[in-house]
Amino acid sequence: MPGREVLPSTLRRSPEKAQRTWEKTHDSAIETYGEGERAHRTAFAAVKNEFEKVGDHWESKGRKGPSDRQAAGGGPQRRAKTAAGVDANAPKDHLMEVAKKLDVPGRSRMTKPELVKAIQKANDKATREARGGR
C-alpha cells in the first residue's frame with residue numbers, strides 16, 4: 001500500500017518534507033521487507049533522523065542525526081525502547097524550549113531524562129486529543 005494512503009495522522013499535520021520522507025522510505029521498505037510493521041518502523045526511523053515530535057505533529061530538528069540511543073545503535077534485532085520521537089540527544093536547553101511550548105508543568109526543576117519523559121507524555125496527550133480523544 002503506498003505511503004500516502006497509510007500516512008499516520010501525526011505526519012498529516014506535519015511539514016510536507018516530513019511527509020515525503022515517510023512516504024518514500026515506507027514505499028522503499030515495502031519493496032524490501034513487505035507490508036507491515038517493519039516498513040512502518042523503517043519509515044519512522046527516517047523521519048526521526050531529521051524531525052522530532054512536538055505535540056501532535058513533527059517539526060524539523062534543524063540537524064540530521066539519531067534522536068535517541070536506540071536510533072544510534074539501531075538494527076532490526078535490537079528492540080530497546082525509543083524516545084517516541086523526542087530528540088533525547090538534543091541539549092537540555094532545547095528540551096526545555098520544547099517543554100515550554102507544550103506547557104509541561106515543573107519543567108524548570110526536571111533533569112534531562114525527566115524532560116524527555118514529560119515531553120513524551122505531553123506529545124501522547126496532544127496526539128490523542130488531535131485524534132478526537134481516542
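This is a predicted model: local features need pLDDT of at least 70, side-chain atom pairs count only at pLDDT 80 or more; totals for chains, interfaces and linings use all residues.
R63 forms a salt bridge with D87, and the closest N and O atoms of the pair are 2.7 Å apart. D87 lies in the loop between α4 (69–73) and α5, while R63 lies in the loop between β2 and α4, so the pair ties together parts that are 24 residues apart in sequence.

## Other salt bridges

The count of salt bridges in the model comes to five. Side chains of opposite charge can pair when their charged atoms come close. One of these pairs is K17 with E50, whose closest N and O atoms are 2.7 Å apart; K17 sits in helix α2 and E50 in helix α3 (residues 37–50), so that distant parts of the chain, 33 residues apart, are linked. K17 is partly exposed, with a relative accessible area of 39%, whereas E50, at 17% relative accessibility, counts as buried.

Another salt bridge joins E59 and K101, with 3.0 Å between the closest N and O atoms. Here the link runs from strand β2 (residues 57–60), which holds E59, to helix α5, which holds K101, across 42 residues of sequence. E59 counts as partly exposed at 22% relative accessibility, and K101 counts as exposed at 54%.

## The largest nonpolar core and helix α6

The largest nonpolar core has 14 residues, of which V86, L95, V104, V116 and I119 touch the most other members. Helices α5 (92–101) and α6 (112–130) each supply at least two residues of this core, and α6 gives the most, with five. Leaving aside residues up to four places away in sequence, L95 touches V86, D87, A90, K112, L115, V116 and I119.

Helix α6 has 19 residues and reaches 27 Å from its first C-alpha to its last. Its buried residues include L115, V116, I119 and N123, and among the elements covering the buried residues of α6 are α1 (9–12), β1 (51–54) and α5. Just after α6, G132 takes a positive phi of about 90 degrees.

H26 is found in helix α2 (residues 16–33) and is buried, with a relative accessible area of 0%. The side chains of H26 and H40 are joined by a polar contact of 3.1 Å. H26 and A39 are 13 residues apart in sequence, and their C-alpha atoms are 5.5 Å apart in space.

How values were computed
Residues are numbered from 1 along each chain as its sequence is written. Side-chain values use heavy atoms; hydrogens and water are left out. A nonpolar core is a set of buried Ala, Val, Leu, Ile, Met, Phe, Trp, Tyr and Cys residues joined through side-chain atoms within 4.5 Å. Buried means under 20% relative accessible area, exposed over 50%, partly exposed in between (1.4 Å probe, protein chains only). Helices (H or I, at least four residues) and strands (E, at least two) are DSSP runs, numbered from the N terminus. Contact means heavy atoms within 4.5 Å. A polar contact is a pair of N or O atoms within 3.5 Å; within protein, one must be able to donate a hydrogen and the other to accept it, and residues adjacent in sequence count only if both atoms are side-chain atoms. The expected span of a helix is 1.5 Å times one less than its number of residues. A salt bridge is a side-chain nitrogen of Lys or Arg within 4 Å of a carboxyl oxygen of Asp or Glu.
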